[in-house]
Amino acid sequence: MDSQSCVSIQLERDIIYARQIGRQFAEQLQFGLVEIARIAATISEIANNIFLYAEKGQICFQIMEGTGQKGLRIIASDVGPGIKNIEKAMEDGYSTSEGLGAGLPGIKRMMDEFEITSIVGEGTRIKVIKWVRSCDNEG
Amino acid sequence: MKAIMLDKETYKQLLNQYISTQDEGALYRAERLTRNFIKKNILPEEIIDLHIQVLRETYPTIYEEMVYMCQFLLETMISYGLAIQENETLREKQLAMRTEISLAANIQKTLLSSTLPEVDGLDIGVISVPAKQMNGDYYHFVTGKDGSIGIALADIIGKGIPAALCMSMIKYAMESFPEQLMNPNDILRRLNHVVELNVDSSMFITMIYAKYKNGLLTYASAGHEPGIYYCKETDTFYNLKAKGLVLGVSTDVSYSQYEQELKAGDMIILLTDGVTEYRNGDQFAKRGELLRIIRQSMKLKAQDIVENVYQHFNSLSEYYQQDDFTLIILKKY
Ligand SMILES: Nc1ncnc2c1ncn2[C@@H]1O[C@H](COP(=O)(O)OP(=O)(O)O)[C@@H](O)[C@H]1O
Ligand SMILES: [Mg+2]
């Protein structure tokens, strides 16, 4: 498997495919079961947002290998309508999922690093990283 | 991480104990352990993960299907974990907000506090107890240069913070009116104008404004709960009749003004509807109950009477304070 791969999101089934690819990367990095499940849930959220609000876009996976750290970086980008008020969108209880805890704030909780840039009329880009912790692959 | 390893050992022990004995004690201790997990923000999916680890250690030859089942369960728990975390954040936010409100309530108290005036021949008692943190009732005493006193009692329909803010406005509006010329009906007319201009139409204010000087009470009401007059001579309570539109409903409203002479032993009772509105029974009976208690303690100081009344209602088993409670008694001696 390459250390980088992109999935384009346009149909709902692409979301499932993206989860699958993300899971493969996560397994390759030997994340624990919990972290793998969280990575898959993160992919669902960002892919769903592209599908719902931007119609199409792509999600790219990249294995990060740096000084003593390994991790998975996921970048979702689209050229959709963008988000007017990011601060609001990041607030708990704002998402239309209403109190289900998912949405953008949920992604932030599940990942180690989270970055969102969005320009109205131009699109949205979300970058997240999950680092592998040494204890993740303990028995 | 170390802590979870310790917990893992405990979990493993308990699980094994339960598997071999189905011991209630193991379940009880597991319950304790879960509380500990919650305290440490350990999420459902992490417990299932722990469960899988223990399964594998205890039964190294376990069917993979069994593990898949657990993994499936783990995946479905992710959303629960997120919902729990969101709840926690919202709970913290709510706590912070509550602290803020109680600070605001304190400021309100200071801002709107009114000291009882000293008037020859008149004994005054007041009690005002909010149902929630912020009081939607407002009373205010002013002493005029001519030796008169003015008494304002208002009930803001629409509670909480907006009501409190609205009250400050009323207070400052009243203070800005020129003192000399002001009669109760003038004051209400002007206040109506202020409220009409500045306050959201979903909020209403009822008010009774009374002025007392040399044994004569002049008053006007803007839709407020009627006051009560106690006549010593006939030993009877009468409702203080007064007509007038609630503040803030209509632009140009004029208010009628009424008078009541007070002789030694007479009393004036002003109240908000929180005094007579509690769970069961009808309004009329409750006014009767109020008068009964007042009659019982009539010989006391005005302040003791109002406190007695509050104590009495508060001790009734069916009483549940739904509304802000304010009672003012003026006793002529
Ligand atoms: N890729 C995107 N393009 C445009 N708007 C988006 C995008 N992602 C999120 N949003 C906006 O941000 C809001 C919050 O998103 P999210 O937290 O996922 O909650 P939800 O999708 O349940 O509303 C969405 O309602 C949407 O208005
Ligand atoms: Mg969403």
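Guide: The model is a predicted one. In chain B, five strands form an open sheet in the order S1-S10-S9-S6-S7, and their pairing is antiparallel. Strand S1 (122-129) and strand S7 (236-239) of chain B lie at the edges; each has a single partner strand, so one side of each has no neighbour in the sheet. On average, neighbouring strands of this sheet are turned by 15° against each other, direction ignored.

B:Tyr230 stands opposite B:Phe237, a residue of S7(B).

Helix H8 (residues 302-315) of chain B lies across S1, strand S9 (267-271) and strand S10 (325-332) of chain B. Relative to S1(B), helix H8 of chain B runs at about 30°.

Now the helices between the chains. Helix H2 (residues 33-54) of chain A packs with helix H4 (residues 64-112) of chain B at an angle of about 50°, their axes being 9 Å apart. H2(A) and H4(B) are therefore oblique to each other, and the crossing in which H2(A) passes H4(B) is right-handed. From H2(A), the residues A:Leu33, A:Val34, A:Ala37, A:Arg38, A:Ala40 and A:Ala41 take part in the contact, and from H4(B) they meet B:Gln71, B:Leu74, B:Glu75 and B:Ile78. By class, the residues of this contact comprise seven nonpolar, one polar and two charged.

Methods. Residues are numbered from 1 along each chain as its sequence is written. Chains are lettered from A and ligands numbered from 1 in the order in which they are written. This is a predicted model: local features need pLDDT of at least 70, side-chain atom pairs count only at pLDDT 80 or more; totals for chains, interfaces and linings use all residues. Side-chain values use heavy atoms; hydrogens and water are left out. Axes are lines fitted to C-alpha atoms, for helices over the stretch in contact, and angles run from 0 to 180 degrees between N-to-C directions. Helices (H or I, at least four residues) and strands (E, at least two) are DSSP runs, numbered from the N terminus. Angles under 35 degrees count as roughly parallel, over 145 as roughly antiparallel, 65 to 115 as roughly perpendicular and the rest as oblique. A crossing is left-handed if the near helix is turned anticlockwise from the far one by less than a right angle, and right-handed if clockwise. Contact means heavy atoms within 4.5 Å. Ala, Val, Leu, Ile, Met, Phe, Trp, Tyr, Cys and Pro count as nonpolar, Asp, Glu, Lys and Arg as charged, and the others, Gly among them, as polar. Two strands pair if DSSP finds at least two bridges between them.
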